[in-house]
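Hi,

Here is the structure I promised to pass on. Have a look at it first, then read on for what turned up.

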Amino acid sequence: MTSPRPYRGVPAEQRRARRRAALLEAGLEVLGTRGWAAATVRGVCGQAGLNDRYFYESFADLDALLLAVADDQAARCTGLILDVARRAPRRLRPRTRAMVTAMVDFLAADPRRARILAYEFPANPLLQERRRRIIGELTGIFTAQVHELFDEVPLGPADLEMTALTVVSGLWELLAAWFRGEVDTGREHLVDYIVALVLTTTDLAPALEHRLR
């Protein structure tokens with residue numbers, strides 16, 4: 001079987017990748033401005049500047065595109081957080097601040113991302129399900145950072161997992177509320193608060209030990 005010929009010097013695989021990227025960007029634009037309830041295949045393709053027939057080359061349906069957009073943005077965010085963590089000092093406070101700042105600024109840099117977090121995730125059952133998976137991935141990053149930063153982890157595995165899940169889930173809801181305007185504070189104080197909150201989790205081990213006596 002022969003491979004498709006290049007068109008204007010661009011291989012077929014590269015053209016498909018470009019079309020898929022254009023659809024992802026169009027999906028982000030629709031989801032982050034008008035909301036997914038307004039999405040149609042024709043509208044997304046029009047936004048992407050593509051013929052409708054190219055949609056099904058990359059996605060089975062609109063739901064598949066919706067999840068792909070969410071996954072793409074989540075991957076970009078987690079990739080940035082991990083990159084910042086690798087470059088930050090191996091000390092709890094500066095690394096925590098670097099990671100928190102990167103996360104907040106990533107979301108705030110594009111109003112579409114903020115709107116998706118604040119309004120689309122709570123409203124869409126598919127995104128609610130995807131939220132659980134993303135939180136699981138962020139929880140894994142949290143626990144991995146604890147193991148890297150502490151020679152002896154102060155919490156047992158179960159307590160560390162519960163701490164990570166509590167912090168990550170809580171921060172998700174806090175940031176969503178902040179972007180909706182329900183939390184009256186500026187970006188600097190928000191970052192300071194989150195960093196301070198994360199640092200207080202190091203006091204959980206003695207607190208638990210005291211309560212169990």
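Arginine 95 and glutamate 148 form a salt bridge, with 2.9 Å between the closest N and O atoms. (A salt bridge here is a side-chain nitrogen of Lys or Arg within 4 Å of a carboxyl oxygen of Asp or Glu.) The pair links distant parts of the chain, 53 residues apart: arginine 95 sits in helix α5 (residues 92–109) and glutamate 148 in helix α7 (residues 125–149). Helices (H or I, at least four residues) and strands (E, at least two) are DSSP runs, numbered from the N terminus. Arginine 95 is buried at 4% relative accessibility, while glutamate 148 is partly exposed at 36%. For those words, buried means under 20% relative accessible area, exposed over 50%, and partly exposed in between (1.4 Å probe, protein chains only).

Before you go further: this is a predicted model, where local features need pLDDT of at least 70 and side-chain atom pairs count only at pLDDT 80 or more, while totals for chains, interfaces and linings use all residues. Residues are numbered from 1 along each chain as its sequence is written, and side-chain values use heavy atoms, with hydrogens and water left out.

More on the salt bridges

The structure holds 19 salt bridges. Another of them joins glutamate 57 to arginine 19, with the closest N and O atoms 2.7 Å apart. Glutamate 57 belongs to helix α3 and arginine 19 to helix α1, so this pair ties together parts that are 38 residues apart in sequence. Which of these is buried? Arginine 19 counts as buried, at 13% relative accessibility, and glutamate 57 is partly exposed, at 34%.

Then there is aspartate 52 with arginine 42, whose side chains meet at 3.1 Å, N to O. Aspartate 52 is in the loop between α2 and α3 and arginine 42 is in helix α2, so the parts they tie together are 10 residues apart in sequence. Aspartate 52 is partly exposed at 26% relative accessibility, whereas arginine 42 is exposed at 64%.

The whole chain

The protein chain has 10 helices and zero strands. Its C-alpha atoms fill a box of roughly 70 × 40 × 30 Å, taken along the principal axes. Of the 213 residues, 42% are buried. If you take the contacts with a separation of 6 or more, 64% are between residues 24 or more positions apart; contact means heavy atoms within 4.5 Å.

The accessible surface is about 12300 Å², and carbon and sulfur atoms account for 55% of that. (Accessible areas come from the Shrake-Rupley method with a 1.4 Å probe; for residues, only the protein chains shown count as cover.)

Helix α1

Helix α1 covers residues 12–34, which is 23 residues, and reaches 32 Å from its first C-alpha to its last, close to the 33 Å expected at 1.5 Å a residue. That expected span is 1.5 Å times one less than the number of residues. Among the buried residues of α1 are Ala12, Arg15, Arg19, Leu23 and Leu31. What do the buried residues of α1 pack against? They pack against α2 (41–48), α3 (55–58), α4 (62–87) and α6 (111–123). After α1 comes glycine 35, with a positive phi near 95°.

Glutamine 73 is in helix α4 and is buried, with a relative accessible area of 12%. Not counting residues up to four places away in sequence, glutamine 73 touches Leu28, Phe106 and Arg113.

Arginine 113 is in helix α6 and also counts as buried, at 19% relative accessibility. With residues up to four places away again left out, arginine 113 touches Gln73, Phe106 and Leu107. The C-alpha atoms of arginine 113 and alanine 158, which are 45 residues apart along the chain, are separated by 32 Å.

Finally, threonine 143 lies in helix α7. Threonine 143 is buried, with a relative accessible area of 12%. Leaving aside neighbours within four places in sequence, threonine 143 is in contact with Leu160, Glu161 and Ala164.

Cheers
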